[in-house]
Amino acid sequence: MPVEERRELLLESAFRVIARRGVDGATTRAICAEAGVTLSTFHYVFATRDEVLAALVEHGTEKELSAVGAALGEGTQDIAPGRAGVLAILQTALSAYIDGVQADPDREQAMISLNQYARQTDGLSDLGAQMYLRYYEAIAGALDGVATVTGTGWDRPTTELAPLILAATDGITLSYLNIRDRAVCDLIADATVTNLSTHIVDAPENAGKGPTT
């Protein structure tokens, strides 16, 4: 098996172990047992347990960023210009996020556990901050893209709006992990879209041409 395939297998196995047992339960032996490989295989790919935990944060962050990008990309298909288009994209993207949480709650639980563990561990404490900063940057870029495809703008920098969306997705995740109620998640998404709707404005080049539809 190529090294990259072994790496992927170990990372996915580690996610499952952490989701069930927490980070403390994700020993190298437990991860190897989940993956069905030997300890020598583990150490062929990763030098230490902390190295695999750091890789898990990176791996999970990349997957979630890809999911956000895909959701916003799909949301821009056949969307009318203007305010209505922005709202449709946001609603579609948040709904897709909830779908992802429902489909793989164990991954979300593992990411939360990893973030908490990293904050409290010497040598890993910066990983949580880096993860959130990357989320903020990606969401801000996505909001800029939404404004471009709909011919609208925002009343403040998207870097100030991105934390609102991340706070909503964090709330959705925690709510679903605790009570498994999709309806509550949808309420959070609807409230977030309503909040963001107050920040939609005409794009500078459209100013003075009448309200967006």
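Author: Below we go from the fold and its confidence to some side-chain details. This is a predicted model, where local features need pLDDT of at least 70, side-chain atom pairs count only at pLDDT 80 or more, and totals for chains, interfaces and linings use all residues. Residues are numbered from 1 along each chain as its sequence is written, and side-chain values use heavy atoms, with hydrogens and water left out.

Reader: Where is confidence lowest, and where is it highest?

Author: Helix α4 (residues 49–75) is lowest with a mean of 79, while helix α9 (residues 182–197) is highest at 98. That's pLDDT, the predictor's confidence in each residue, from 0 to 100. The chain averages 88, and 92% of the residues score at least 70.

Reader: Which residues have pLDDT under 50?

Author: Residues 207–213 stay under 50, and the model gives them eleven contacts beyond four places in sequence. Where pLDDT is low, the predicted coordinates should not be read in detail.

Reader: Noted. Switching to side chains: how many aromatic pairs are there in the whole structure?

Author: Three. Rings of Phe, Tyr and Trp (its six-membered ring) pair if their centres lie within 6.5 Å; planes under 30 degrees apart count as stacked, over 60 as edge-to-face and the rest as tilted. Phe42 and Phe46 have ring centres 5.8 Å apart and planes at 45 degrees, so that pair is tilted. Tyr132 and Tyr135 make an edge-to-face pair, at 6.0 Å centre to centre with 65 degrees between the planes.

Reader: Where do Tyr132 and Tyr135 lie?

Author: Both are in helix α7, three residues apart, about one turn of the helix. Ring pairs also bring in Tyr136, giving a cluster of Tyr132, Tyr135 and Tyr136.

Reader: Is Tyr135 buried or exposed?

Author: Buried, because its relative accessibility is 9%. The cut-offs: buried means under 20% relative accessible area, exposed over 50%, partly exposed in between (1.4 Å probe, protein chains only). Tyr132, at 25%, is partly exposed, whereas Phe42 and Phe46 are both buried.

Reader: Last topic, the loops. Where is Thr121, and what lies 2.7 Å from a polar atom of its side chain?

Author: Thr121 is in the loop between α6 (105–119) and α7 (125–150), and the atom in question is the backbone oxygen of Tyr117. Thr121 is buried, with a relative accessible area of 14%.

Reader: And Asp181, which backbone nitrogen does its side chain reach?

Author: That of Ala183, at 2.9 Å. Asp181 is in the loop between α8 (158–179) and α9 and is partly exposed at 31%.

Key. Helices (H or I, at least four residues) and strands (E, at least two) are DSSP runs, numbered from the N terminus. A polar contact is a pair of N or O atoms within 3.5 Å; within protein, one must be able to donate a hydrogen and the other to accept it, and residues adjacent in sequence count only if both atoms are side-chain atoms. Contact means heavy atoms within 4.5 Å.
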